[in-house]
Amino acid sequence: IGRVKVPATDSAADLDAARRATCSVLAKDFWNNTWFADPVVFGRYPEDGLALYGADVPKECLCAADMDVIRQPLDFYGINVYDAERYRAGAGGGGGGLEKVEYPPGWPRTAIGWFVDENALYYGPKFLYERYKLPIVVTENGMSSHDWVDLDGRVRDTQRIDYTRRYLRAIRRAIDEGADVRGYFHWSIMDNFEWQQGYKERFGLIHVDYATQRRTLKDSATWYAKIIASNGGVLDQPLGA
């Protein structure tokens with residue numbers, strides 16, 4: 001899962017802070033990019049991660065023979081991206097520390113509670129392409145919403161359409177500025193079993209009645225079909241056009 005950090009402001013210092021935070025090991029947890037990707041791409045663990053974990057790093061992790069096996073040619077770098085975290089430069093300016101900035105009260109969230117920030121799919125592909133020089137494939141992106149079938153048989157999930165439109169336009173911006181993004185997979189084609197939330201969250205473009213297994217195309221499915229058919233050509237059209 002891509003852990004994307006975005007700048008809190010448009011300043012050069014905050015942009016640098018977001019780039020460094022995206023490519024740093026900030027805590028002893030799994031929520032970072034480089035601890036897993038650096039060994040595969042570069043054949044070594046990131047220095048900041050080794051310093052953070054210290055004596056907790058098994059000596060076997062530093063075996064050169066193991067790194068030769070771990071480091072293998074990759075066709076692309078795949079990332080699952082849904083939201084982001086905002087960062088700014090610390091008191092020392094661009095060369096100082098990193099400070100996380102919370103989203104303000106009332107910031108848009110999906111049904112599962114994740115923040116809506118399309119900058120995740122602008123800065124994420126840019127930062128990770130800059131670091132690894134590998135084609136980027138967005139292997140998952142989408143949102144959970146409170147969907148149900150209306151009395152007339154339609155599922156009007158306009159928020160999902162708006163969310164996806166925002167994120168696809170952000171990817172397009174990253175591509176236009178040089179990021180080599182080769183693919184995008186919407187999560188998901190239909191409502192299904194979420195690994196942690198079970199059947200509570202609905203991420204699909206197609207509504208599934210779990211009791212009857214009846215499938216109903218949501219409005220987002222019809223809209224997304226137009227996006228595919230036009231290769232993104234209708235991304236800038238107002239909804240309903």
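1. A residue is called buried here when its relative accessible area is under 20%, exposed when that area is over 50%, and partly exposed in between, with a 1.4 Å probe and protein chains only. Helices (H or I, at least four residues) and strands (E, at least two) are DSSP runs, numbered from the N terminus. The model is predicted, so that local features need pLDDT of at least 70 and side-chain atom pairs count only at pLDDT 80 or more, while totals for chains, interfaces and linings use all residues. Residues are numbered from 1 along each chain as its sequence is written, and side-chain values use heavy atoms, with hydrogens and water left out.

2. Helix H5 (residues 120–132) is mostly covered, 10 of its 13 residues being buried. The buried positions are Ala 120, Leu 121, Tyr 122, Tyr 123, Gly 124, Pro 125, Lys 126, Phe 127, Leu 128 and Tyr 132. The expected span of a helix is 1.5 Å times one less than its number of residues; for the 13 residues of H5 this gives 18 Å, which agrees with the 18 Å between its end C-alpha atoms. Just after H5, Lys 133 takes a positive phi of about 55 degrees.

3. Three strands form an open sheet in the order S2-S5-S6, with parallel pairing, where two strands pair if DSSP finds at least two bridges between them. Strand S2 (77–80) and strand S6 (181–186) stand at the edges, and because each has a single partner strand, one side of each is left without a neighbour in the sheet. S2 and strand S5 (residues 136–141) pair in the parallel sense over 4 bridges, and the bridge partner of Asn 80 in S5 is Glu 140.

4. Several backbone features deserve a look. A cis peptide bond, with omega about 0 degrees, joins Trp 187 and Ser 188, and Ser 188 has its place in the loop between S6 and strand S7 (206–208). Gln 213, in the loop between S7 and strand S8 (215–217), has a positive phi near 70 degrees although the residue is not glycine, and is partly exposed at a relative accessible area of 41%. Asn 231, in the segment after helix H7 (219–229), likewise has a positive phi, near 55 degrees, and is exposed at 73% relative accessible area.

5. A disulfide is taken as a pair of cysteine sulfur atoms within 2.5 Å, and by this rule the count comes to 0. Cys 23 is buried, with a relative accessible area of 12%, whereas Cys 63 is partly exposed at 33%.
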